[in-house]
Amino acid sequence: MEKILLDKIKKSEPLLYLRLREQRYKCREEAIEKGMNDLFSQEYVAKKLNVDRSTVSKHERGEMPPTVAQFFQYGAIYNCDVYYLMGLTEEEKPFPETIKQEYE
């Protein structure tokens with residue numbers, strides 16, 4: 001299952017990296033508007049993913065693909081459907097609440 005998913009992701013890689021970066025910027029802008037300037041920086045996201053900031057940067061620049069587990073973590077952090085992040089759908093939906101706590 002993971003290999004099939006990774007093959008599909010590979011085909012949509014440029015879109016995937018762009019969406020990761022766009023979602024972080026979108027969440028960051030919304031947080032800044034609410035006066036929460038520290039939220040959704042690369043450092044903030046890295047702490048949530050339990051990686052260093054350079055890993056988040058590499059994911060966003062397309063230098064290193066996130067793992068499947070990290071996709072789910074990104075989805076939970078950004079409250080965004082992982083299929084949208086992966087470029088497998090154009091429909092932007094929220095991350096499912098039923099599993100959100102597992103990945104936050």
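Begin with the cysteines: the count of disulfides is zero, a disulfide being a pair of cysteine sulfur atoms within 2.5 Å. Select Cys27 and Cys80 together. The sulfur of Cys27 has its closest cysteine sulfur in Cys80, 7.9 Å away, which is too far for a bond. Cys27 is buried, with a relative accessible area of 9%, and Cys80 is buried as well, at 1%. Here buried means under 20% relative accessible area, exposed means over 50%, and partly exposed lies in between, with a 1.4 Å probe and protein chains only.

This is a predicted model, in which local features need pLDDT of at least 70 and side-chain atom pairs count only at pLDDT 80 or more, while totals for chains, interfaces and linings use all residues. Residues are numbered from 1 along each chain as its sequence is written, and side-chain values use heavy atoms, with hydrogens and water left out.

**The whole chain**

Next, display the protein as a cartoon. It has seven helices and zero strands; helices (H or I, at least four residues) and strands (E, at least two) are DSSP runs, numbered from the N terminus. Of the 104 residues of the protein, 40% count as buried. Switching to a surface view shows an accessible surface of about 6500 Å², of which 51% belongs to carbon and sulfur atoms; the areas come from the Shrake-Rupley method with a 1.4 Å probe, and for residues only the protein chains shown count as cover. Among contacts between residues at least 6 apart in sequence, 50% join residues at least 24 apart, where contact means heavy atoms within 4.5 Å.

**The nonpolar core**

Now select Phe40, Val45, Leu49, Val56, Tyr74, Ile77 and Tyr78. These are the residues with the most contacts inside the largest nonpolar core, which has 21 residues. Such a core is a set of buried Ala, Val, Leu, Ile, Met, Phe, Trp, Tyr and Cys residues joined through side-chain atoms within 4.5 Å. The elements that give two or more residues to this core are helix H2 (13–33), helix H3 (42–49), helix H5 (68–78) and helix H6 (82–85).

Which residues does Ile77 touch, not counting those up to four places away in sequence? Centre the view on Ile77, and its neighbours are Phe40, Val45, Lys48 and Leu49.

Then extend the selection to the whole of H5. Nine of the 11 residues of H5 are buried, so this helix is largely enclosed by the rest of the structure. Among the buried residues are Val68, Phe71, Tyr74 and Ile77. After H5 comes Asn79, whose phi is positive, near 50°.

Move to helix H4 (residues 53–61), where the buried residues are Thr55, Val56, Ser57, His59 and Glu60. H4 is followed by Gly62, which has a positive phi, near 80°.

Gln42 counts as buried at 14% relative accessibility. A polar contact of 3.0 Å joins the side chains of Gln42 and Glu60; a polar contact is a pair of N or O atoms within 3.5 Å, and within protein one must be able to donate a hydrogen and the other to accept it, with residues adjacent in sequence counting only if both atoms are side-chain atoms. Not counting residues up to four places away in sequence, Gln42 touches Arg24, Arg53, Val56, Ser57 and Glu60.

**Salt bridges**

How many salt bridges are there? The count is five, a salt bridge being a side-chain nitrogen of Lys or Arg within 4 Å of a carboxyl oxygen of Asp or Glu.

Select Glu90 and Arg19: they form a salt bridge, with the closest N and O atoms 2.9 Å apart. This pair links distant parts of the chain, Glu90 in the loop between H6 and helix H7 (97–103) and Arg19 in helix H2, 71 residues apart. Glu90 is exposed, with a relative accessible area of 62%, whereas Arg19 counts as buried at 4%.

Glu60 in helix H4 and Arg24 in helix H2 lie 36 residues apart. Both Glu60 and Arg24 are buried.

Finally, select Glu92 and Lys26, which form a salt bridge with the closest N and O atoms 2.9 Å apart. Glu92 belongs to the loop between H6 and H7, and Lys26 to helix H2, 66 residues apart. Glu92 is partly exposed at 38% relative accessibility, and Lys26 is partly exposed at 37%.
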